[in-house]
Amino acid sequence: MCIRDREDRDIIPNAAFLEEGHVRTGATRYMNLDSLPLPAYDLLELERYFRAFRARNRDGYERAVTYYTQKGCQWREKSGGCMFCGIPEQRHRAKSPQKVWEELSALKEQFGIDYVYEAGDDFAFDRKWLEELVETKPAQLRSLAFEISTRADRIDEETVKYLRKLGVVEVLIGMETGNHAQFRKLRKGYPWERNLKAADLLGREGMRVFPSLIIGVEGETYETLNDTISLANELKSGRYVERCLASIMTPIPGSAAYYEMLRVPELRDKYSGADVLSIRELQRDWLSHFTSITWESACLLYTSPSPRD
C-alpha cells in the first residue's frame, strides 16, 4: 500500500517512512505483552538445542528454552540507559505473573522443559511483581529452574530470597569493569561496590553469579584493563562464579556510545546514514579512537577460556 499524505502516515502506529532523505516515524504504540500469543516453539528443532544445553550444563537439567517475561529497561526509560545500551524498546513492559505461568506451563506440557533462560535485561525490576510471580508458581512447575539477568542495585536480602524460592540458579550481572572510574563512565546509576555486594548476597543463598565484563570502556588503558582481569580472577576464586562473559565495547546504533562516536568527523561520515554496519568495524573504530588498547589485545582477552574451562 502506498501512503502519500503525511497526515495519513502520522496516524498509522509504529510506521516508518522516508521523507526528504530522512527516516521518519509516526506515533508509537506499545502492545500489552499479555495480549500476544506464545511464539511457535514447535517450529524449532528444539531437540538440537536440548542436546547443546545438556553438553554444557552441570546441574542435571536437560531441556532449556529461552523465554522473556519483559521488554525494555526501566533504567533506559528513566535515564537514557547505560553508555553501551541500544535496546530499541523505549518503554518497559512486563507480562503479568499469570501470563508467565500460563505460557511456561504450556511449554512444560508440550516439551518437558526443566530450565528457563529468561532473556530480559532486568528481571528483578519490581519487588511486588517478583513476589507475586513467586507466590503463584504452579505446583507442577515447582522444580523449574531459572537463569536470569538483572542490575546489581536490585539485589538485596529480600530479593535474593524471592529469587531462590522461584528456582533461580544463576544470575547474570553487568559488572563491566574492575576500575571504579571506568565504571562511572558507563552511566549505570549505582556505585561499583554494589557489584560485589550483590555477588555475595546471591552466593550466600546458593545461586551462582555470571559476571558480564566489557573490554574497551571509553578511556581504557592497559592499566584499567588489568583491573578488570584482576576482578575476574577475584570473582572466580571465591565469589560463587564458574564463568565470566567478556565482550568488546560495541557502539550499537541508538546507544550513547554510538552518538559519541558520531562526534568524530571521519566516523560520522563513515556511519551516518549507513543501512548495514559491521560489528567488527564498529568495535575497531571505537577502540582506536576512544581507548589506548589495540584490537588485537582486546581480541586476545575476549577469546580467552572462561574460568570454568
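## Exercises on a predicted model

Strand β1 (residues 16–19) pairs with strand β2 (residues 22–25) in the antiparallel sense, over four bridges. The model is predicted.

**Exercise 1. Which residue of β2 is the bridge partner of phenylalanine 17, and how many residues lie between β1 and β2 in the hairpin?**

Step 1. Start from the pairing: β1 and β2 are antiparallel.
Step 2. Find the partner. Phenylalanine 17 bridges to arginine 24 in β2.
Step 3. Look at the turn. Two residues sit between the strands of this hairpin. Glutamate 20 in the turn has a positive phi of about 55°.

**Exercise 2. What span should helix α12 (residues 279–290) have, and which of its residues are buried?**

Step 1. List the buried residues of α12: Leu282, Gln283, Asp285, Trp286, Leu287 and Phe290.

**Exercise 3. Glutamate 147 and arginine 243 meet in a salt bridge. Where does each residue lie, and is each buried or exposed?**

Step 1. Check the contact. The N to O distance is 3.0 Å, and the cut-off is 4 Å.
Step 2. Place the residues. Glutamate 147 is in strand β7 (residues 145–149), while arginine 243 is in the loop between α9 (222–238) and β10. They are 96 residues apart, so the pair links distant parts of the chain.
Step 3. Apply the burial cut-off, under 20% relative accessible area. Glutamate 147 has 5%, so it is buried. Arginine 243 has 12%, so it is buried too.
Step 4. Widen the view. Asp59, Glu147, Glu170, Arg208, Glu242 and Arg243 are linked in a network of salt bridges. The whole structure holds 18 salt bridges.

**Exercise 4. Which elements give two or more residues to the lining of the largest pocket, and which gives the most?**

Step 1. Size the pocket. Its volume is about 690 Å³.
Step 2. Count the lining: 31 residues, with Phe84, Asp121, Leu172, Glu176 and Ser212 nearest the centre.
Step 3. Name the elements. β8 (168–176), β9 (208–215) and β10 (245–248) each give two or more residues. β8 gives the most, with four.
Step 4. Sort by class. The lining has 17 nonpolar, nine polar and five charged residues.

Methods:
Residues numbered from 1 in each chain as written. Predicted model: local features only at pLDDT ≥ 70, side-chain atom pairs only at ≥ 80, totals over all residues. Heavy atoms only, no water. 1 Å grid on protein atoms, 1.4 Å probe; cavity = no way out; pocket = protein on both sides within 12 Å on 5 of 7 lines; lining within 4 Å. Points joined across faces, edges and corners; volume = space filled by probe spheres on them. Nonpolar A, V, L, I, M, F, W, Y, C, P; charged D, E, K, R; others polar. Pairing = 2+ DSSP bridges. Buried < 20%, exposed > 50% of the residue type's maximum accessible area, 1.4 Å probe, protein only. Salt bridge = Lys/Arg side-chain N within 4 Å of Asp/Glu carboxyl O.
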